[in-house]
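Colleague: Before we talk, could you put the model on the screen? I would like to go through some of the terms slowly.

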Amino acid sequence: MRWLAVALALIPLPAWSEFFTLKGHGGPIMGIATAPDGRIATASFDNSVGLWSDQMPEWLEGHEAAVNSVVFNGTAIYSAGDDFTLRRWPGGEVVGQHKGKIVGLAASKTHVATASWDGTIGLWPVDGSAPQMLGPAGGGVNAVVFSEDGTRLFSAGVDGSLREWDVASGQENRRVVEHGFGINELALNEQDGWIAYGAVDGGTRIRDLSTDEERDFTLDRRPILALALSPDRSLLAVGDGEGYIMVIDTVDWRIAQDFRATLRGPVWALAFSTDGQNIHAGGIDEAMYSWPVAALREQEQMAASEPSFLKDPDQMSNGERQFARKCSICHSLTPDGQRRAGPTLYEVFGRQAGTLPGYFYSETLQDSDIIWNDETINALFDEGPDHYIPGSKMPMQRITQEQDRNDLIAFLRRATVDPN
């Protein structure tokens with residue numbers, strides 16, 4: 001196996017001391033993980049995981065929808081996403097499954113935990129023995145984190161609760177926080193006795209686990225979408241929906257840095273390098289960006305050139321605007337699919353749905369008799385993919401205005417044809 005050969009040949013990466021990027025994904029970066037030997041794993045909206053060694057990727061393919069989270073655990077890598085599955089690499093076999101999207105992962109020596117929007121938490125033993133499901137946890141679960149010894153698990157949910165669970169019994173020990181807004185992210189510093197949580201209202205709070213006292217670093221930006229603790233526990237990085245990264249000094253308890261990291265769009269993923277010298281970030285752009293922590297005041301913004309779905313709307317026709325807003329994050333218009341989450345739309349007119357070679361379709365589309373033309377594309381966006389093709393992987397969205405649908409179809413007629 002090529003993957004295994006690459007893994008066996010890996011050597012520790014050098015310490016990065018400058019700004020760098022990891023480019024190659026075909027969609028937004030949803031999750032980032034780092035390994036002790038310096039490898040980086042990125043989870044993307046393009047349905048894939050990138051395993052990076054010396055800035056070169058090995059693509060881990062198998063998920064049937066966006067990958068939201070990835071974690072290293074010993075020699076294995078675990079990933080999970082919108083296809084409801086937990087997969088283990090190398091190999092990509094499904095080792096766990098929920099009834100809803102999996103949006104968060106955590107790993108201990110003995111278990112991998114999954115946070116799912118089906119309202120439950122999965123505990124999947126790494127030895128392959130029977131899993132355990134915790135909950136329901138009062139609504140969708142957004143994040144999980146293990147205690148250092150793996151005997152306890154903390155979870156954060158859309159109901160605003162931060163819960164502590166006993167791993168052995170599967171019982172809830174206590175409610176650490178009852179927050180008025182949904183909690184999206186967690187970062188645990190057990191050695192110093194605190195847990196940080198980021199919420200939908202933009203709140204970033206650090207709670208003392210013994211006294212329940214809190215430090216509040218809330219700024220006027222929302223929601224909080226990413227948290228990362230440095231290896232030496234001295235820095236806590238916070239990413240938000242408005243594209244900023246705030247770095248909190250956890251020794252002096254002050255905001256050490258606060259800067260706009262993206263031109264537009266949120267920061268969805270953060271991780272410190274294994275040596276703590278760099279901070280990695282991902283968002284709506286198709287690359288991971290990394291800054292040296294020592295030089296954050298002189299940071300470069302992410303997204304030096306904007307993806308097609310972030311172009312200035314005033315510079316596009318209405319049809320192109322509809323494509324940019326509804327289609328371009330998943331589909332390309334060129335013969336090369338460009339690692340998008342969906343198949344290329346190049347020469348789509350007259351094509352039978354589910355037949356483009358090299359793309360893994362849902363069973364619904366594989367068995368479809370739909371031929372893509374003006375009428376079927378119009379119906380797709382008039383009714384919405386979830387109604388027109390029940391069971392497909394396409395996001396649930398509609399274009400309600402007939403003129404907007406007509407303009408989109410006219411644009412696709414021009415943009416997807418072979419120029420020869």
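Modeller: Arg398 counts as partly exposed, at 43% relative accessibility. This is a predicted model, in which local features need pLDDT of at least 70 and side-chain atom pairs count only at pLDDT 80 or more, while totals for chains, interfaces and linings use all residues. Residues are numbered from 1 along each chain as its sequence is written, and side-chain values use heavy atoms, with hydrogens and water left out.

Colleague: What makes Arg405 buried?

Modeller: Its relative accessible area is 8%, which is under 20%, and therefore Arg405 is called buried.

Colleague: How do you know that Asp382 and Arg398 form a salt bridge?

Modeller: The term asks for a side-chain nitrogen of Lys or Arg within 4 Å of a carboxyl oxygen of Asp or Glu; here the N to O distance is 3.8 Å, so the pair qualifies.

Colleague: Why is the pair of Arg405 and Asp382 said to tie parts of the chain together?

Modeller: Arg405 lies in helix α6 and Asp382 in helix α4, so the pair joins parts 23 residues apart in sequence. Helices (H or I, at least four residues) are DSSP runs, numbered from the N terminus. The closest N and O atoms of Arg405 and Asp382 are 3.6 Å apart, so this pair too is a salt bridge.

Definitions and conventions. Buried < 20%, exposed > 50% of the residue type's maximum accessible area, 1.4 Å probe, protein only. Helix = DSSP H or I, 4+ residues; strand = E, 2+ residues; numbered from the N terminus.
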